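Here is a friendly walk through one protein chain, to be read with the model open beside you.

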Amino acid sequence: MKKMDHLERMQIVSVSRLLNNLLNPTATQQKSGRAGACSALAVAKAVRANIIEMEKELPFLPSCNPGWRILLEIYIADGDQRPISVSDIGHTADIAGATTLRWLKLLETHKLVTRHPDLYDRRRCWLHLTAQARTSVMRIMNDMSVRLGPADVMAHLG
(Lines give C-alpha, C1' and ligand atoms only; values in the text may rest on other atoms or scores of the structure.)
Protein backbone atom coordinates (compact mmCIF):
# COMPACT_ATOMS: atom_id res chain seq x y z
CA MET A 1 0.00 0.00 0.00
CA LYS A 2 1.36 3.42 -1.03
CA LYS A 3 2.02 5.95 1.75
CA MET A 4 0.33 9.33 1.42
CA ASP A 5 2.62 12.30 0.97
CA HIS A 6 2.15 15.67 2.65
CA LEU A 7 0.27 17.19 -0.28
CA GLU A 8 -2.26 14.35 -0.37
CA ARG A 9 -2.83 14.60 3.39
CA MET A 10 -3.37 18.36 3.14
CA GLN A 11 -5.82 17.91 0.27
CA ILE A 12 -7.80 15.43 2.34
CA VAL A 13 -7.82 17.86 5.26
CA SER A 14 -9.01 20.65 2.97
CA VAL A 15 -11.81 18.54 1.48
CA SER A 16 -12.79 17.33 4.95
CA ARG A 17 -13.04 20.92 6.22
CA LEU A 18 -15.02 21.98 3.18
CA LEU A 19 -17.49 19.09 3.63
CA ASN A 20 -17.80 19.88 7.32
CA ASN A 21 -18.53 23.54 6.50
CA LEU A 22 -21.18 22.54 3.98
CA LEU A 23 -22.84 19.97 6.25
CA ASN A 24 -22.67 21.94 9.49
CA PRO A 25 -22.51 25.71 8.77
CA THR A 26 -23.57 26.85 12.26
CA ALA A 27 -20.76 24.94 13.98
CA THR A 28 -18.32 26.43 11.49
CA GLN A 29 -19.52 29.96 12.21
CA GLN A 30 -19.10 29.44 15.96
CA LYS A 31 -15.70 27.82 15.57
CA SER A 32 -14.34 30.10 12.84
CA GLY A 33 -12.59 32.41 15.32
CA ARG A 34 -8.95 31.44 15.76
CA ALA A 35 -8.73 28.55 13.27
CA GLY A 36 -10.19 30.69 10.49
CA ALA A 37 -7.90 33.55 11.42
CA CYS A 38 -4.82 31.29 11.26
CA SER A 39 -5.76 29.97 7.85
CA ALA A 40 -6.62 33.46 6.59
CA LEU A 41 -3.33 34.79 7.98
CA ALA A 42 -1.39 32.12 6.09
CA VAL A 43 -3.20 33.05 2.88
CA ALA A 44 -2.56 36.76 3.51
CA LYS A 45 1.16 36.03 3.88
CA ALA A 46 1.09 33.97 0.69
CA VAL A 47 -0.67 36.80 -1.16
CA ARG A 48 1.90 39.31 0.12
CA ALA A 49 4.77 37.06 -0.98
CA ASN A 50 3.14 36.70 -4.38
CA ILE A 51 2.74 40.49 -4.73
CA ILE A 52 6.40 41.02 -3.83
CA GLU A 53 7.55 38.42 -6.38
CA MET A 54 5.38 39.92 -9.14
CA GLU A 55 6.78 43.38 -8.45
CA LYS A 56 10.36 42.07 -8.43
CA GLU A 57 9.79 40.49 -11.82
CA LEU A 58 8.07 43.56 -13.33
CA PRO A 59 8.96 46.52 -11.07
CA PHE A 60 7.35 49.10 -13.36
CA LEU A 61 3.95 47.36 -13.05
CA PRO A 62 2.20 47.59 -9.66
CA SER A 63 0.45 44.31 -8.89
CA CYS A 64 -2.35 45.79 -6.76
CA ASN A 65 -3.62 49.12 -5.49
CA PRO A 66 -2.06 50.74 -2.40
CA GLY A 67 -5.30 50.53 -0.40
CA TRP A 68 -5.35 46.77 -0.66
CA ARG A 69 -1.63 46.59 0.24
CA ILE A 70 -2.29 48.68 3.36
CA LEU A 71 -5.22 46.49 4.46
CA LEU A 72 -3.17 43.37 3.86
CA GLU A 73 -0.17 44.63 5.86
CA ILE A 74 -2.32 45.75 8.80
CA TYR A 75 -4.12 42.39 8.75
CA ILE A 76 -0.82 40.50 8.80
CA ALA A 77 0.63 42.70 11.55
CA ASP A 78 -2.50 42.15 13.62
CA GLY A 79 -2.33 38.39 13.04
CA ASP A 80 1.33 38.36 14.09
CA GLN A 81 0.34 40.43 17.17
CA ARG A 82 2.71 43.18 16.12
CA PRO A 83 1.70 46.85 16.18
CA ILE A 84 2.12 48.85 12.99
CA SER A 85 2.33 52.63 12.80
CA VAL A 86 1.41 55.07 10.05
CA SER A 87 5.08 55.56 9.19
CA ASP A 88 5.77 51.81 9.24
CA ILE A 89 2.94 50.95 6.87
CA GLY A 90 4.43 52.92 3.99
CA HIS A 91 7.79 51.18 4.34
CA THR A 92 6.28 47.74 4.87
CA ALA A 93 3.90 48.01 1.92
CA ASP A 94 6.52 49.80 -0.22
CA ILE A 95 4.27 52.80 -0.86
CA ALA A 96 5.37 56.44 -1.08
CA GLY A 97 4.54 58.65 1.92
CA ALA A 98 1.99 60.94 0.27
CA THR A 99 0.26 57.99 -1.38
CA THR A 100 0.13 56.15 1.95
CA LEU A 101 -1.49 59.11 3.69
CA ARG A 102 -4.00 59.63 0.87
CA TRP A 103 -5.03 55.95 0.96
CA LEU A 104 -5.19 55.87 4.76
CA LYS A 105 -7.58 58.82 4.68
CA LEU A 106 -9.76 57.00 2.15
CA LEU A 107 -9.72 53.79 4.22
CA GLU A 108 -10.63 55.77 7.34
CA THR A 109 -13.46 57.53 5.50
CA HIS A 110 -14.88 54.13 4.56
CA LYS A 111 -14.47 52.95 8.17
CA LEU A 112 -11.97 50.21 7.37
CA VAL A 113 -8.98 51.56 9.31
CA THR A 114 -8.66 53.47 12.58
CA ARG A 115 -5.72 55.37 14.04
CA HIS A 116 -4.91 55.25 17.74
CA PRO A 117 -2.37 57.70 19.17
CA ASP A 118 0.68 56.27 20.89
CA LEU A 119 0.44 56.95 24.61
CA TYR A 120 4.20 57.55 24.91
CA ASP A 121 4.96 59.36 21.66
CA ARG A 122 2.43 61.87 20.36
CA ARG A 123 4.07 61.88 16.93
CA ARG A 124 3.11 58.25 16.32
CA CYS A 125 -0.27 56.65 15.58
CA TRP A 126 -1.01 52.94 15.51
CA LEU A 127 -3.17 51.50 12.76
CA HIS A 128 -5.93 48.96 13.30
CA LEU A 129 -8.52 47.37 11.08
CA THR A 130 -12.13 47.89 12.03
CA ALA A 131 -14.20 44.79 12.71
CA GLN A 132 -15.83 45.23 9.29
CA ALA A 133 -12.44 45.35 7.52
CA ARG A 134 -11.05 42.39 9.49
CA THR A 135 -14.12 40.31 8.62
CA SER A 136 -13.91 41.30 4.94
CA VAL A 137 -10.20 40.56 4.63
CA MET A 138 -10.61 37.24 6.46
CA ARG A 139 -13.52 36.28 4.20
CA ILE A 140 -11.47 37.12 1.09
CA MET A 141 -8.44 35.18 2.38
CA ASN A 142 -10.57 32.15 3.29
CA ASP A 143 -12.13 32.23 -0.17
CA MET A 144 -8.64 32.35 -1.72
CA SER A 145 -7.63 29.42 0.48
CA VAL A 146 -10.44 27.31 -0.98
CA ARG A 147 -9.56 28.37 -4.53
CA LEU A 148 -5.80 27.88 -4.19
CA GLY A 149 -5.81 24.73 -2.11
CA PRO A 150 -3.82 23.93 1.00
CA ALA A 151 -0.50 23.18 -0.70
CA ASP A 152 -0.07 26.76 -1.87
CA VAL A 153 -1.00 28.18 1.52
CA MET A 154 0.96 25.75 3.70
CA ALA A 155 4.23 26.98 2.22
CA HIS A 156 3.63 30.35 3.93
CA LEU A 157 2.66 29.17 7.42
CA GLY A 158 4.97 30.12 10.20
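## Where H3 meets H5

In this predicted model, Pro66, Gly67, Ile70 and Leu71 of H3 are in contact with Thr99, Thr100, Trp103, Leu104 and Leu107 of H5. Sorted by class, this contact of H3 with H5 holds six nonpolar residues, three polar residues and no charged ones.

How are two packed helices described? For H3 and helix H5 (residues 97–109), the angle is about 75° and the axes are 9 Å apart. Angles of 65 to 115 degrees count as roughly perpendicular, so H3 is roughly perpendicular to H5.

## Where H3 meets H4

H3 also packs with helix H4 (residues 86–93), at an angle of about 110° and with the axes 10 Å apart. That angle makes H3 roughly perpendicular to H4. On the H3 side, the contact is made by Arg69, Ile70, Glu73 and Ile74, and on the H4 side by Ile89, Thr92 and Ala93.

What does the contact of H3 with H4 look like by class? It has four nonpolar, one polar and two charged residues. Ile70 is worth a look on screen: this residue is listed in the contact of H3 with H5 and again in the contact of H3 with H4.

Is Glu73 buried or exposed? With a relative accessibility of 1%, Glu73 counts as buried, because the buried class covers values under 20%.

## Other salt bridges

Side chains of opposite charge can pair when their charged atoms come close.

Asp118 and Arg124 meet through their side chains in a salt bridge of 2.9 Å, N to O. Asp118 is buried, at a relative accessible area of 10%, while Arg124 counts as partly exposed at 33%. In the salt bridge of Arg123 with Asp121, the closest N and O atoms are 3.0 Å apart. Here Arg123 is exposed at 77% relative accessibility, and Asp121 is buried with a relative accessible area of 18%.

## Loop residues with positive phi

Which residue in the loop between H4 and H5 is of interest here? It is Asp94, which has a positive phi of about 60° although it is not a glycine. Asp94 counts as exposed, at 63% relative accessibility.

Lys111 sits in the loop between H5 and strand E1 (113–117). Its phi is near 55°, again a positive value in a residue other than glycine. Lys111 is exposed as well, with a relative accessible area of 57%.

## Ser136 and Leu112

Ser136 belongs to helix H6 (residues 131–148). With a relative accessible area of 28%, Ser136 is partly exposed. Ser136 and Leu112 are 24 residues apart in sequence, and their C-alpha atoms are 9.4 Å apart in space.

## The chain as a whole

Stepping back, the protein chain has seven helices and two strands. Read along the sequence, these elements follow the pattern α-α-α-α-α-β-β-α-α.

What share of the 158 residues counts as buried? The figure is 32%. The protein chain exposes about 10,600 Å², and carbon and sulfur atoms supply 59% of that area. Among contacts between residues at least 6 apart in sequence, 57% join residues at least 24 apart.

Technical notes
Residues numbered from 1 in each chain as written. Predicted model: local features only at pLDDT ≥ 70, side-chain atom pairs only at ≥ 80, totals over all residues. Heavy atoms only, no water. Buried < 20%, exposed > 50% of the residue type's maximum accessible area, 1.4 Å probe, protein only. Salt bridge = Lys/Arg side-chain N within 4 Å of Asp/Glu carboxyl O. Helix = DSSP H or I, 4+ residues; strand = E, 2+ residues; numbered from the N terminus. Contact = heavy atoms within 4.5 Å. Areas by Shrake-Rupley, 256 points an atom, 1.4 Å probe, with all protein chains shown as cover. Axes fitted to C-alpha atoms, helices over the stretch in contact; angles between N-to-C directions. Parallel < 35°, antiparallel > 145°, perpendicular 65-115°, else oblique. Nonpolar A, V, L, I, M, F, W, Y, C, P; charged D, E, K, R; others polar.
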